[in-house]
Amino acid sequence: MRLLIAEDDEPLAARLRERLAREGYAVDVAHDGIDAGHLGATEPYDAIVLDLGLPGRTGLDLLADWRAAGNRVPVLILTARDGWSDRVDGLRAGADDYLGKPFHTEELVARIHALLRRAAPAADVALRAGPWRLDETRQCLVHDDGREQPLTATEFRLLRYFMRHPGQVLSKTRLTEHVYEYDAERDSNVIEVYVRRLRTLLGAGCIETRRGQGYAFHGDG
Ligand code: CA
């Protein structure tokens with residue numbers, strides 16, 4: 001899952017990026033409205049945290065543009081604590097949630113989890129592959145018999161993305177875009193290596209190869 005943080009308060013943006021990366025998200029940061037508008041329009045984010053007071057272009061303008069272009073990415077806006085009219089404008093412009101500054105980072109993390117769950121209801125079913133369950137908090141696999149299998153950060157990101165899109169054909173390009181950050185060196189062939197690794201852990205049947213199209217995940221493997 002890949003997130004964009006559009007926030008011109010650089011220390012705050014850095015703190016959020018670090019916290020969300022620890023949650024296993026790929027995180028891009030934009031410090032002004034121009035960059036944020038470009039990234040939001042061209043990169044396939046799973047959610048965007050949008051400060052309304054951005055230099056260059058305001059958050060409200062960006063949100064209105066994305067929605068006018070049919071971009072339904074879940075957006076959480078950040079507003080001044082007493083900025084009730086900002087919140088109303090933001091929700092009218094198509095924001096999915098808001099948080100007033102200052103806020104606790106844990107609340108932002110919880111709200112992002114909730115936004116992503118609502119955006120992909122299939123994820124509510126269960127993040128499972130056969131006898132294995134994905135523990136999102138601890139970023140490991142837990143077997144029904146109690147055994148645990150640690151995962152690397154990339155294994156965790158990739159497996160979570162698969163589990164949240166069960167049965168869908170996912171191209172290597174799409175997987176790469178949702179698992180890596182903008183400035184990461186992206187090599188879609190690396191996805192093959194990770195898929196092989198996940199098959200070793202979960203059983204070959206859990207990830208089906210669709211020749212020329214990509215992969216499809218089957219939780220009942
Ligand atoms: Ca600001």
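Analyst: The open sheet has 4 strands in the order S6-S7-S8-S9, with antiparallel pairing. Strands here are DSSP runs of E with at least two residues, helices are runs of H or I with at least four, and both are numbered from the N terminus. Two strands count as paired if DSSP finds at least two bridges between them. The edges are held by strand S6 (128-129) and strand S9 (148-150); each has a single partner strand, so one side of each is left without a neighbour in the sheet.

This is a predicted model, in which local features need pLDDT of at least 70, side-chain atom pairs count only at pLDDT 80 or more, and totals for chains, interfaces and linings use all residues. Residues are numbered from 1 along each chain as its sequence is written, and side-chain values use heavy atoms, with hydrogens and water left out.

Within the sheet, strand S7 (residues 132-135) pairs with strand S8 (residues 140-143) in the antiparallel sense, over 4 bridges. Asp135 has Cys140 in S8 as its bridge partner.

Helix H6 (residues 153-164) packs on the sheet and touches S6, S7, S8 and S9; contact means heavy atoms within 4.5 Å. The direction of H6 makes about 115 degrees with that of S7. Such angles run from 0 to 180 degrees between N-to-C directions, and the axes are lines fitted to C-alpha atoms, for helices over the stretch in contact.
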